[in-house]
Amino acid sequence: MRRSTDKILTTHVGALPGPPAAWTGEASDAELRAAVRDVVAAQRKAGVDIVNEGELTKGGNWVAFINSRLSGFEPGKDGATFSLLRDSLDWKEFDDFYKKALEGGTLFEQTRSAPNQTASRIDWACRAPIRYTGEAALKRELDLLRAALGEQGPSDAFVTTTAPSSVEVGRTNEYYASEEEFVFALADALRVEYEAIANAGFLVQVDDAWLAALWDRIGVKMGLAAYKKYCMLRVEALNHALKNVPEEQVRYHLCWGSWHGPHAHDIPLADLVDVMLAIKAQTYLFEAANARHEHEYTLWEDVELPDGKILAPGVVTHSTPLIEHPELVAQRIQRFAKIVGRENVIASTDCGLGLRCHPQIAWAKLAALADGAALASQALGYRGASARD
């Protein structure tokens, strides 16, 4: 991972707008190749430094794609749409809002274009040894991104994958002798994907939305100490899966689920920051621009960022269609830079924009991100820094 030594670098979290056929998995090889080429070009045009393929090769779903890449699971009982959301304190407190939001399709901007986001089966039963079987699909993904990059090397491109703790959600263990054995079996299978991405020269981004989002589903009842113990077992499994991947190639993305809702019961980052920093990654991406979590930048005044680590906070958010003013983006970047050092900050997004925002809004937000990073670079004293063209 490049550091912000010459300017404040920009990146994003993963999903980006694409043609509906890519979201539904119905695109032909030629159509998907063109879509990946176009989304890489659009990122460059917007001013993004560290790019990806928009998750178009995954159908835009950060976790459901893994269903076809793991053996050992069979469909369990049918899961109701958003059943995990209905188990949350947020749903119980704001039940009328959520019911109306689901009826109107407003929890995700492009739900109709990506039905798997809301209606996919989420209950799976493990009834045999877990093995990774996604080599062909992953190779296709890496090949498409490499072709779209052209002369740009893979070291400035990332490929998303999923943490064992998030893959575990919606899966029951009917095969392994213990919870720990089950979690580490998931980790061993996912290790194949992590290492393949790294060996291809790309940055490995591990997405882990459920680690924080499970707090108001199971964590509150457990209590903070017990929940952090639950989390640390999953961190140990992830670190086990990453043991052969150089730390400087690993980005870890933590968020609170990011659906368009109140998020009144999100666990504070202060309660999980030590868990996050225990993960073997050089770069940490997290929500820092939305109204629920923007204030949390101050915790870095008390939490020391370990040597060699990088923060990639969200400085534009999916949670509102308002386009952030570049001056606001620059202010958000500078808050972090003044605390942890400008070279230790990369400007990012709160979460994926592909299914959370209308395409026009998503691309405008990435342009605002780049413009704000250019302004922040000037304010932070980078020599030769200038406004983005």
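Rings of Phe, Tyr and Trp (its six-membered ring) pair if their centres lie within 6.5 Å, with planes under 30 degrees apart counted as stacked, over 60 as edge-to-face and the rest as tilted. The model is predicted, so local features need pLDDT of at least 70 and side-chain atom pairs count only at pLDDT 80 or more, while totals for chains, interfaces and linings use all residues. Residues are numbered from 1 along each chain as its sequence is written, and side-chain values use heavy atoms, with hydrogens and water left out.

**Exercise 1.** Determine which residues the ring pairs link into a cluster, and describe the pair formed by Tyr175 and Tyr176.

*Solution.* A search of the whole structure gives ten aromatic pairs. Tyr175 and Tyr176 make an edge-to-face pair, with 4.9 Å centre to centre and 85° between the planes. The cluster linked by ring pairs consists of Phe73, Tyr175, Tyr176 and Phe182. Finally, consider accessibility (buried means under 20% relative accessible area, exposed over 50%, partly exposed in between, with a 1.4 Å probe and protein chains only): Tyr176 is buried because its relative accessible area is 14%, whereas Tyr175, at 41%, is partly exposed.

**Exercise 2.** Find the charged groups that lie over the rings of Phe65 and Tyr230.

*Solution.* The criterion is that NZ of Lys or CZ of Arg is within 6 Å of the ring centre and within 35 degrees of the ring normal. Over the face of Phe65 lies Lys58, at 5.0 Å from the ring centre. For Tyr230, the charged end of Arg234 sits over the ring, 3.7 Å from its centre.
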